[in-house]
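Here is a walk through one model, from overall fold to metal site. Please keep the viewer open while reading.

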Amino acid sequence: MNSQSNDMANNVNASHARAESLIAKERIEGISPAEQEWLVAHLRECAQCGASAEATQQALRSFVSLHLPVPRGLAARTQFRLRLRAQEMRSIRQPRWRLVYLMCGASWVAGAATAPYVWRGLEWLGHRAGLPDLVWKMGFGVWWAVPAIIAAAILFAENAGTNASRVGLNKTL
Ligand SMILES: [Zn+2]
């Protein structure tokens with residue numbers, strides 16, 4: 001009797017563990033139709049794993065869209081100021097590269113503010129996916145470099161545009 005109930009408890013725990021690993025696997029590499037079917041059946045009757053699946057979904061969603069309260073407010077404020085500044089600059093005809101530097105600076109500020117969230121998100125994803133630490137840490141490095149790469153690209157395009165318009169102006173003069 002006792003050993004039988006222990007076996008049952010072990011089976012239930014094994015089911016939870018299987019559900020847990022399938023929830024993670026589903027997000028990262030996908031699962032087979034049979035696994036999917038088993039998982040749906042388990043989630044239907046297991047509130048605990050259902051909640052876990054929901055939490056995974058939520059965490060991924062907020063990570064993907066960065067709908068985290070602090071950075072969102074900060075990003076909105078930064079964008080607003082940037083837009084105001086852009087209008088200001090347009091009206092007094094300052095060189096546009098200053099705007100690019102400003103954007104670059106703002107993106108670094110936003111980057112620094114969101115860094116702990118991105119780090120935590122990548123760490124979470126990395127552990128979920130069972131990746132070695134080095135892989136998600138490299139992901140963090142790449143993410144950090146993105147604003148600089150974009151700013152450099154804008155600056156490059158902007159310089160090309162300015163040169164072209166200067167040539168055009170010289171011609172008309
Ligand atoms: Zn379960």
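The text below starts with the fold and ends at the zinc ion.

This is a predicted model: local features need pLDDT of at least 70, side-chain atom pairs count only at pLDDT 80 or more, and totals for chains, interfaces and linings use all residues. Residues are numbered from 1 along each chain as its sequence is written, and side-chain values use heavy atoms, with hydrogens and water left out.

The chain has 6 helices and 0 strands (DSSP runs, H or I of at least four residues for helices, E of at least two for strands, numbered from the N terminus). Of its 173 residues, 21% are buried (under 20% relative accessible area, with a 1.4 Å probe and protein chains only).

R18 lies over the face of W38, 4.3 Å from the ring centre. R120 places its charged end over Y117, at 5.6 Å.

Now the metal. What coordinates the zinc ion? The donors (N, O and S atoms within 2.8 Å of the metal, or 3.2 Å for Na, K and Ca) are H16 (ND1), H42 (NE2), C46 (SG) and C49 (SG), at 1.9 to 2.3 Å. H16 belongs to helix 1 (residues 2–28) and H42 to helix 2 (residues 33–45), so the pair ties together parts 26 residues apart in sequence. The 4 donor atoms subtend angles of 101 to 117°, so the arrangement is tetrahedral (four donors, all angles between 85 and 135 degrees). H16 is buried at 15% relative accessibility. H42 is buried too, at 10%.

Key: Buried < 20%, exposed > 50% of the residue type's maximum accessible area, 1.4 Å probe, protein only. Lys NZ or Arg CZ within 6 Å of the ring centre and 35° of its normal. Tetrahedral: all angles 85-135°; square planar, octahedral: opposite > 155°, others 65-115°.
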